[in-house]
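Dear colleague,

Here is the structure I promised to pass on to you. Please have a look at it first, and then read the notes below, which set out what was found in it.

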Amino acid sequence: MLTPLHSQFSAGLGAAAGLGLAAGACAYAALWPNSHIFGAALIAPQRPGELALTFDDGPNPAWTPRLLDILARNSVRATFFLLGSHAQAEPELARCIAAAGHLIGNHSWSHPNLALCGRKRIQEELSRTRDELEQIAGAPVKFFRPPFGARRPAVLSLARELGMVPVLWNAMTSDWREPAAARIAQRLTAKIDQLTHQNRAANIVLHDGGHLDSAAYREPSIAAAGLLIARCKQTHRFVTLDAWT
Ligand SMILES: [Zn+2]
């Protein structure tokens, strides 16, 4: 979820304006998904027509099972960026996600803004989550998405040292605070169409969980995933992120 960071980002921009261009450029590089100043993160390749559905902040016992049903009914595989703490609380559900053929990614243990954390804390957040997820899913965890998309060189290099590819996104809307599934799906569809015209695949973020509430209400996001699949399954191909590495 991005709300807290967006406020920090706005506040940061205000502060940066007083400090000059260098500070502004630094804030931009650390927080903006399409910035590459701090090194490569996977977003999406030039493969128009390919869609990676990714779900963040789960597993969520209240809504992830319903999402898994929708994906299974449509034979769509997705990528789930799980929080280590939520997976530890719901190991059976995390195991079900992996057993259904979905890709499991690391979204940190407790969802801190890693751009503000020291190296030791970053390492603990990433490695503890990786170990937990690998133990539950029985497979190596090769992808990491930083909470809030916030990163700095230490975050990306540590993820790589731990054997994970850092991942951002290029299609997102504020699904966690939008009550109408149709509006979420419509905004994402418009973004997908735009990316397709730009010869890009779409790396789509939705939230089946909540970092502040392990059973967060996510019906609109889950229903939006169903609408998106119905709209795109004849015209696009759904892939998991390992198809792009
Ligand atoms: Zn998140």
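Strand β1 (residues 50-58) runs parallel to β2 and pairs with it over four bridges, where two strands count as paired if DSSP finds at least two bridges between them, and where helices (H or I, at least four residues) and strands (E, at least two) are DSSP runs numbered from the N terminus. This is a predicted model, in which local features need pLDDT of at least 70 and side-chain atom pairs count only at pLDDT 80 or more, while totals for chains, interfaces and linings use all residues. Residues are numbered from 1 along each chain as its sequence is written.

Within this pairing, Thr54 has Thr79 of β2 as its bridge partner. Together with helix α3 (residues 64-73), β1 and β2 form a right-handed β-α-β unit, right-handed meaning that, with the strands pointing away from the viewer, the path from the first strand over the helix to the second runs clockwise. On its way, in the loop between β1 and α3, lies Pro59, and the peptide bond from Gly58 to Pro59 is cis, with omega near 0°.

β2 also pairs in the parallel sense with strand β3 (residues 103-106), again over four bridges, and here Phe81 stands opposite Gly105 of β3. Strand β2 (residues 79-82) is covered on both faces, since Thr79 and Phe81 on one side and Phe80 and Leu82 on the other are all buried; a residue is buried if 20 or more other C-beta atoms lie within 10 Å of its own, exposed if 12 or fewer, and partly exposed in between, with C-beta atoms placed from the backbone.

**Helix α7 and its surroundings**

Which residues of helix α7 (residues 153-161) are buried? They are Val155, Leu156 and Ala159, and because they fall within an arc of 95° seen down the axis of α7, they line one face of the helix; the arc is that of the directions from the helix axis to the C-beta atoms. Pro153 and Glu161, on the other side of α7, are exposed. After α7 comes Gly163, with a positive phi near 85°.

Phe144, in strand β4, is buried because 28 other C-beta atoms lie within 10 Å. Residues up to four places away in sequence aside, Phe144 touches Gly105, Asn106, Leu126, Ala159, Met164, Pro166 and Val167. One of these, Pro166, is 22 residues from Phe144 in sequence but 4.8 Å from it in space, C-alpha to C-alpha.

**Two backbone angles to check**

Most residues other than glycine have a negative phi, and most peptide bonds are trans. His111, in the loop between β3 and α6, has a positive phi near 65° and counts as buried, with 23 C-beta neighbours inside 10 Å. Phe148, in the loop between β4 and α7, likewise has a positive phi, of about 65°, and is buried with 22 other C-beta atoms within 10 Å.

Not counting residues up to four places away in sequence, Leu51 touches several residues, among them Ile192, Ala201, Ile204 and Phe238.

The chain has nine helices and seven strands, and 45% of its 245 residues count as buried. Of the contacts with a separation of 6 or more, 77% are between residues 24 or more positions apart.

As for confidence, the mean pLDDT (the predictor's confidence in each residue, from 0 to 100) is 87, and 84% of the residues reach 70 or more. Over residues 1-32, however, pLDDT stays under 50, and the model has 29 contacts beyond four places in sequence for them. Where pLDDT is low, the predicted coordinates should not be read in detail.

Note on methods
Contact = placed C-beta atoms within 7 Å.
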